[in-house]
Amino acid sequence: MSEFWLISAPGDKENLQALERMNTVTSKSNLSYNTKFTIPDLKVGTLDSLVGLSDELGKLDAFAESLIKRMAQSVVEVMEDAKGKVQENLLANGVDLASFVTRFEWDMAKYPVKQPLVSVVDTLAKQLAQIETDLKSRTTTYKTLKTNLENLEKKSMGTLFTRTLSDVVSKDDFVLDSEYLVTLLVIVPKPSYSQWQKTYESLSDMVVPRSTKLIAEDKDGGLFTVTLFRKVIDDFKTKAKENKFTVREFYYDEKEIKREREEMTRLLSDKKQQYGPLLRWLKVNFSEAFIAWIHIKALRVFVESVLRYGLPVNFQAVLLQPHKKSSTKRLREVLNSVFRHLDQVAAASILDASVDIPGLQLSTQDYFPYVYFHIDLSLLD
């Protein structure tokens with residue numbers, strides 16, 4: 001599973017023995033893979049400041065998780081033609097995400113432990129905010145380019161009734177710069193090709209004989225040219241419609257056609273040029289954002305452990321990776337049983353949800369007698 005539980009318990013002898021019991025039971029029952037999660041000694045400050053930081057870290061945790069999800073989705077969108085290689089670009093410090101989490105080491109250079117906790121949190125918040133700003137700017141530019149390209153490509157798709165004709169006609173298909181003559185484009189159903197050839201010259205007066213030519217086809221019909229005198233255009237259109245031939249409105253403008261083709265070439269070139277740098281930026285900054293997120297998780301464990309277990313700082317953090325989804329309920333029961341002594345009233349209510357304690361409101365879903373945080377990597381798959 002790509003799911004991790006990050007817990008902590010006091011570091012005294014009784015609770016270290018409880019952790020050992022937890023490891024023994026979860027190992028024998030094949031419930032989870034457990035490893036120590038090392039958090040350095042951080043500057044505590046006052047308990048009042050920790051209460052404020054607890055709330056701030058909760059918001060920052062949610063923001064960081066949302067950001068890395070968006071970045072992962074951006075990688076998927078950019079790599080639309082190579083989705084099988086997406087996971088190769090969703091790494092942290094060059095390793096897969098699960099490996100990074102299980103082997104987590106605090107980055108002393110980026111987040112010095114001698115700084116006050118509030119400064120470390122501020123550094124993380126500013127780092128993530130800058131990444132989000134850059135993400136919006138870079139992906140918006142790329143998406144706009146991609147949308148413009150898709151819109152142009154869509155013009156070349158569809159039926160002869162709707163698609164652009166600039167890529168199927170040429171100058172030689174038309175009589176141009178004539179005061180009297182004009183070339184029309186007519187869509188003829190495939191079953192009616194023979195009828196068209198026999199009747200187009202007589203649909204109106206002043207149709208140039210042998211002036212029709214098939215220049216494009218789709219699954220339903222063909223696009224034919226026909227040349228006639230300008231003054232009979234309306235009459236020809238009426239008679240053509242009566243015979244279920246459709247005159248496609250089109251004006252051959254060489255400059256406009258050239259502009260469209262150049263625009264397509266430019267957009268393809270721009271997309272290709274932006275693809276590499278954008279993917280590299282996403283790869284590097286996804287790693288940075290993910291690393292920051294796990295540091296935030298570590299900070300939350302530290303702050304909540306101090307607030308719950310008191311001073312001096314003395315707790316042990318453990319990372320559990322449940323083996324399968326079906327075993328998580330049993331794993332939770334083991335943890336609640338092993339650590340019920342940490343909060344007898346709360347633990348009792350969790351183990352026996354039928355107990356009604358007046359004045360005490362506890363959710364069995366989000367309160368545990370030990371410090372607990374959740375890391376779900378499956379959302380990035």
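Student: Strand E5, residues 221–229: buried or exposed?
Tutor: Largely enclosed by the rest of the structure, because eight of its nine residues are buried. Keep in mind that this is a predicted model.

Student: Which strands pair with E5?
Tutor: Strand E3 (residues 181–189) pairs with E5 in the antiparallel sense, over nine bridges. Strand E4 (residues 213–217) also pairs with E5 in the antiparallel sense, over four bridges.

Student: What is the bridge partner of leucine 181 in E5?
Tutor: Phenylalanine 229.

Student: And the partner of glutamate 217 in E5?
Tutor: Glycine 222.

Student: How many residues sit between E4 and E5?
Tutor: Three, and the two strands form a hairpin.

Student: Switch to E1, residues 3–10. Why call it largely enclosed?
Tutor: Eight of the eight residues of E1 are buried, so the rest of the structure largely encloses the strand.

Student: What does E1 pair with?
Tutor: E1 pairs with strand E8 (residues 371–376) over six bridges, in the antiparallel sense. E1 also pairs with strand E7 (residues 315–322), antiparallel and over six bridges.

Student: Where does isoleucine 7 bridge?
Tutor: In E8, its partner is tyrosine 372. In E7, isoleucine 7 has valine 318 as its bridge partner.

Student: Tyrosine 372 has a ring. Which residue lies over its face?
Tutor: Arginine 332, at 4.2 Å from the ring centre. Arginine 332 also lies over the face of tryptophan 5, at 4.0 Å from that ring centre.

Student: Now ring against ring. How many aromatic pairs are there in the whole structure?
Tutor: The search finds 18. One of them joins phenylalanine 100 and phenylalanine 290, with centres 6.1 Å apart and planes at 70°, so the pair is edge-to-face.

Student: Where are phenylalanine 100 and phenylalanine 290 in the chain?
Tutor: Phenylalanine 100 is in helix H3 (residues 97–102). Phenylalanine 290 is in helix H7 (residues 254–309).

Student: Which residues make up their ring cluster?
Tutor: Ring pairs link Phe37, Phe100, Phe104, Phe286, Phe290 and Trp293.

Student: Different spot. Where is serine 74?
Tutor: In helix H2, residues 47–78.

Student: Why does serine 74 count as buried?
Tutor: Its relative accessibility is 8%. The cut-off for buried is under 20%, so serine 74 qualifies.

Student: What does serine 74 touch?
Tutor: Leu135, Thr139 and Leu282, leaving out residues up to four places away in sequence.

Student: Zoom out. How many helices and strands are there?
Tutor: Nine helices and eight strands in the protein chain. The chain is more spread out than a compact globule, because its radius of gyration is 35 Å, well over the 21 Å that the globule rule gives for 381 residues.

Student: What box do the C-alpha atoms fill?
Tutor: Roughly 105 × 45 × 40 Å, taken along the principal axes.

Student: And what share of the 381 residues is buried?
Tutor: Buried residues make up 45%.

Student: What about the accessible surface?
Tutor: About 20800 Å² for the protein chain, and 51% of that belongs to carbon and sulfur atoms.

Student: Last one, on contacts between residues at least 6 apart in sequence. What share joins residues at least 24 apart?
Tutor: In the protein chain, 80% of those contacts do.

How values were computed
Residues are numbered from 1 along each chain as its sequence is written. This is a predicted model: local features need pLDDT of at least 70, side-chain atom pairs count only at pLDDT 80 or more; totals for chains, interfaces and linings use all residues. Side-chain values use heavy atoms; hydrogens and water are left out. Buried means under 20% relative accessible area, exposed over 50%, partly exposed in between (1.4 Å probe, protein chains only). Two strands pair if DSSP finds at least two bridges between them. Rings of Phe, Tyr and Trp (its six-membered ring) pair if their centres lie within 6.5 Å; planes under 30 degrees apart count as stacked, over 60 as edge-to-face and the rest as tilted. A charge sits over a ring if NZ of Lys or CZ of Arg is within 6 Å of the ring centre and within 35 degrees of the ring normal. Contact means heavy atoms within 4.5 Å. The radius of gyration is taken over C-alpha atoms; the globule rule is 2.2 Å times the number of residues to the power 0.38. Accessible areas come from the Shrake-Rupley method with a 1.4 Å probe; for residues, only the protein chains shown count as cover.
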